[in-house]
Amino acid sequence: MRAAEIREPGRPPVVADRTPPVPGDGEVLVDVLAAPITPLDLLCASGTSYFGTPATPYVPGVQGVGTSGGRTVWFPSPAGMAPGDGSMAEVAAVPAASLVELPDGADPVRLAALGLSAVAAHMALTWRGELAAGEQVIVLGAGGVVGQAAVQLARAAGARRVVAGARSPDARARAAAAGADAVVALDTADVAELARRFADAADGPVDLVLDPLFGAPAAAAARTLRPGGRLVNLGGSAGETCPIDSATLRGRSLRLLGYTNNELSAEQRAASIAFVAERSASGSLAVAHETAPLEDAADAWRRQGDGTAAGRIVLTPR
């Protein structure tokens, strides 16, 4: 079978012929239809993640969509985080218990583009952030997959107003296309200026901030929160530290919450994937993406990593 291989940490994968996997105890074979290139894949393959340097060669791909036993399924993989191969191959061996059957009408590529990023948006908003109907939400990093999904899911959950923050013009356009009521440019590290922009875009105090960025944008968004407001952080792409001032934090009794998909139980993850799949199949949840054949994995990997892709790239092995 054909597969993408990480042969050296920090280098793009090489597409090669490999012996098809043999399922172990409790595993089944999945014929892969769609394998997204995610930030976690890039991080793990860099050899600099908190999971350590992966043993090479290995097939990357922490999630995918395929068919098994006549069913269309979503599946996870520990590739790059633990020994074993992932989804960027024609066939993958997957624990049967981790498969999530998808509803009729679910498009494999569209769902693969959403995947665990949409799960993060869904669960960070609802389970961790306790979003209630009628609340006002700021979504930072709203041009990324998590952010685009969060804008749509916040609206579906009954948010009365969704304000998006995004850095580049293209990202701001994606945030607007996702349905944000207002879009704020995050083109400065001046916390006071960003806070003014958020205040101008919001309709009064904000209830919840969804934050995959941290850094100056999170500090600015926190200043718009009402007393007792919540900020849920699920990433640090704008900075690993954040200049939130003590007066804002204490004076408004704010709740700063962390989120990671790794905290979810298998049952929670499966239920969220099923929810995302239903909304994807109905056409009410989608993110910017593009497809590339498995043979072009190296070029797609480079473009996803340097930010020149038109959205999440999904490899199609078949």
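## Basis of the description

The model is predicted, and local features are considered at pLDDT of at least 70 and side-chain atom pairs at pLDDT 80 or more, whereas totals for chains, interfaces and linings use all residues. Residues are numbered from 1 along each chain as its sequence is written, and side-chain values rest on heavy atoms, with hydrogens and water left out.

## Annotation and domains

An unreviewed UniProt entry carries the annotation "domain: Enoyl reductase (ER)" for residues 10-315; positions follow the numbering used here, feature names are shortened, and such annotations may be inferred rather than shown by experiment. The end C-alpha atoms of that span lie 19 Å apart, and 33% of the span is helix and 25% strand, where helices (H or I, at least four residues) and strands (E, at least two) are DSSP runs numbered from the N terminus.

The domain assignment, in which bounds come from an automatic or database source, gives domain 1 as 2-114 + 265-316 and domain 2 as 129-258. The C-alpha centres of the two domains lie 29 Å apart.

## The interface between the domains

Contact, meaning heavy atoms within 4.5 Å, takes 10 residues from domain 1 and 7 residues from domain 2. The two domains bury about 680 Å² between them, 66% of it on carbon and sulfur atoms; buried area is the accessible area (1.4 Å probe) lost when two parts are put together, summed over both. L285, V287 and A288 supply 46% of the area that domain 1 buries against domain 2, more than any other three residues.

On the side of domain 1 that touches domain 2, the elements giving two or more residues are α2 (108-128) and α8 (266-282).

## Salt bridges

By the same rule the count comes to 20 salt bridges. In one of them, R2 pairs with E295, the closest N and O atoms being 2.9 Å apart. This pair links distant parts of the chain, 293 residues apart, with R2 in strand β1 (residues 2-5) and E295 in the loop between β14 (289-293) and α9 (297-306).

## Backbone features

Most residues other than glycine have a negative phi, and most peptide bonds are trans. The peptide bond from T56 to P57, however, is cis, with omega near 0 degrees, and P57 lies in the loop between α1 (39-46) and β4 (63-68). E130, in the loop between α2 and β8 (136-140), has a positive phi near 55 degrees.

Key. Salt bridge = Lys/Arg side-chain N within 4 Å of Asp/Glu carboxyl O.
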